[in-house]
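Me: Could we go through this model together? I would like to start with the overall fold and then turn to the charged side chains.

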Amino acid sequence: MIPLLLLLSAQQQVQAQTDIDGLFMEKNFFCIGPTIGQSSWKEYWEGTNKRENLNLGRVRTTTAMVMGNYGVTDKLNILFGVPYVKTKAGAGQLAGQKGFQDLSFFIKWIAAEKHIGKGHLKGILIGGVSTPLSDYTPDMLPTSIGLKSKTAMLRLMADYQAGNWFGTLSGTYNFRSNVELDRNTYYTTQMHYTNEVRMPDASYINLRAGYRSTTWILEAFADQWKTLGGYDITKNNMPFISNKMNATRVGVHIKYETDFINGLSFVADAGTTVAGRNVGKSTNYGGGIFYIMDFSKKKKTDKSSK
Amino acid sequence: MKKIFLYSSLVAIAAISLMACSKQINEVNMSYPAIDPVRTDANAGTWKPLLLTSPSEFTCPAPIATASPDYVLQLNEIKSFQDDITSEEKALVKYWGAGAVLRWNEIMRELVAKHNIPPYQNPDGTYPIPSAANPLAYPTFPFANPPYAARAYAYLSAAQYDACIAGYHYKSVYNRSAPFKVDTLIRTLLPKSSLPSYPSEDAVVMGASVELLKLLFPGDQDYIDQRAAEHKRARLISGANVRSDLDAGENLGKAVAAKFVARARGDRAGAAVGNPAIWAQTEADCVARGEIPWISQETPKRPGMLPLFGKVRAWLFDSATMVNAVRPGPPPLTGSQEFKTELEEIYRYSKNLSSSQRAIAHFWADGLNTYTPPGHWNYIAANDFALLNFSEARWARNMALLNISLMDAGIACWDAKYFYYNPRPSHMDSRIKTVTGLPNFPSYISGHSTFSGAAATVLAYIVPSKAADYMAMAKDASLSRMYGAIHYRSDCDKGLETGYKVGNYAVTKGHLDGAE
């Protein structure tokens, strides 16, 4: 899920009801499904200088993920994601890496609602945490599958819908824990005699808007991740986890709720990085299938018919 | 439901606040204890220097008397510092109190790490070569790769050692008391040394270090001067030295250093880059022997790192000894069954590496933007020496033995690399991808193994109680290169063996220097 990982490979996202939209599962409904996506870049920003690296070629990151969303109430959802990530450099000698990345968990709550004009405004509060699921190394960027930081985030969101048209704006603060390396010294802009790396926190802004009906969601988004601190990759150096990684991206998202199987939906995404610093100029696409299950007691008997 | 939300929120808030306040990192080098030697080594002026013809080769003028008005002014300078001491100044005193050799070694490690980045290619696919004459222009000088770094640490430590010998010699000659002995109103913020304070041992080390650092890292002169000024200030504030102790020490250190600078200018390292004709000849010689030569696997192809570093003048043996007694025998022929077996072993590591093996590969990688393997061994030594209460002179002597062995290990290793010009595993089997950065020079013998074999041998001699630990570390450092899929077993085994040999030359020197 986007803000949790932003490597040189700027992770793609595939969305259904996620931590980044204004949609909610109804009480006792559970939506789950797999997604798969790929992002890749050939050019990257070394500080502010855009360049290629002939010893990396095109760096690809493939992510397979299971995401779930449960309606505790109509206004309170919990969500999780479990990603498996694989990286590969298209040139050079460096081996790609793979493994389970970071488990994420969110609570999403409609804190306030109001009818304004012809539409409906929701004020949403989202809290989330993530933690690495395997002992992958974060110290081999850009082929590392993650940054290995434990994170916590707080997000404020406003979602407005009038008829079938909507817009959602959110701002996020990401707390990032220190990360431990396999080595006991490292250099940033100075020497450090510790295996611990202080990770700068990060902010994230996401704006999305489009058409939303019970069958279709067609939306465009723009977002911006900013690392609050960190330093630039020096010339011809390799990237490091505490670099100042910034990225501005645009993309589209489509969701189709089928009418032939109740509760089955398909999603597809595509996006591209339009500006950045110490990140890859990545393009991503992906898709997923979701299925909604009804755990509400009153409808229990109906479940099998779905 | 409200309860669930309440509890979850509490957990989230607790997690966030926990993370927000646990970011403080305590770095190992900031907690070294103040130097407080068990043996003062007052006789260090009689130890055998590396280059000086005698401890009095360079003069150190007689100090002014402690009863003179000038000296009283110098005492007052200390008092004025101590009267309104700030917490920042206290921290400075504590930092430098850990030892001059230690801190200047650390400064060099930092500069090595900063400069250990290979130049970016020219538009035509060739590579620019850093120039000492124009160190701030890209590519900045130096590219502090492992051979460059090994040589840099060696010159720094060697100069510090000879400067200490000269300094301790004049301490005995002039026998001027420390300021806190002359005037009991001077406080001492560091353990009291019983040695005469003129010339200051800290300042001789500082003076020598500044000269060598400026030679080796000419683009960082401002930083080096700033650290030197800080060091002097810390000594004054601490009450351990008056200004004339420091000035005399600094001048003596600089004079001694000039001898090492002269040696460095003539040790053939400046020509180690070679030229296109030499690069072609090395490859042709290998082909003529019927072997598959090393090739650069970088794009564009980068000339091998410092092909003539094996010709640099060593400290412990002459070039004939190196060829006849130190150079390892040939690696398995690339067409042999033995070679195939070794290659297959590396392929297996590249396919299947346990997480502990991967951690070893990364712990010892010491690649780009690090202090290099010689720097890693300097760090290991410094961490252990810091707890052993060595005198400044003994620190210098031990670091000198370590670092001349590391430089000579680098020379012997580079000699073998370009003499045999053996290809890397990823060249011979394209299925092999590496877990760590692939070095851009021939495979046989492993640099990490050679450096580590030499360092472990010297450290085992200096700290016998940890001999087994050092040998185990060297073995790990060596194996890490097979785990990284960049070296064959022969590279590692013969590298260690060659390193042990080089280390033993340094141990023999240690037996004869009068410091035991």
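Predicted model: local features only at pLDDT ≥ 70, side-chain atom pairs only at ≥ 80, totals over all residues.

Me: What does the secondary structure of chain B come to?
Reply: Chain B has 19 helices and zero strands.

Me: How many of the residues in chain B are buried?
Reply: Buried residues account for 59% of the 516 residues.

Me: Changing topic: how many salt bridges does the structure hold?
Reply: Over all chains, there are 37 salt bridges. One of them pairs D19(A) with R155(A), with the closest N and O atoms 2.8 Å apart.

Me: Where in the chain do D19(A) and R155(A) lie?
Reply: D19(A) is in the segment before β1 of chain A, whereas R155(A) is in strand β9, 136 residues apart. Both D19(A) and R155(A) are buried.

Me: Which residue forms a salt bridge with K108(A)?
Reply: The partner of K108(A) is D21(A), at 2.9 Å between the closest N and O atoms. This pair also links distant parts of the chain, with K108(A) in strand β7 and D21(A) in the segment before β1, 87 residues apart.

Me: Why does K108(A) count as buried?
Reply: K108(A) counts as buried because its relative accessibility is 0%, and the cut-off is under 20%. D21(A), at 6%, therefore counts as buried too.

Definitions and conventions
Residues numbered from 1 in each chain as written. Chains lettered and ligands numbered in written order. Heavy atoms only, no water. Helix = DSSP H or I, 4+ residues; strand = E, 2+ residues; numbered from the N terminus. Buried < 20%, exposed > 50% of the residue type's maximum accessible area, 1.4 Å probe, protein only. Salt bridge = Lys/Arg side-chain N within 4 Å of Asp/Glu carboxyl O.
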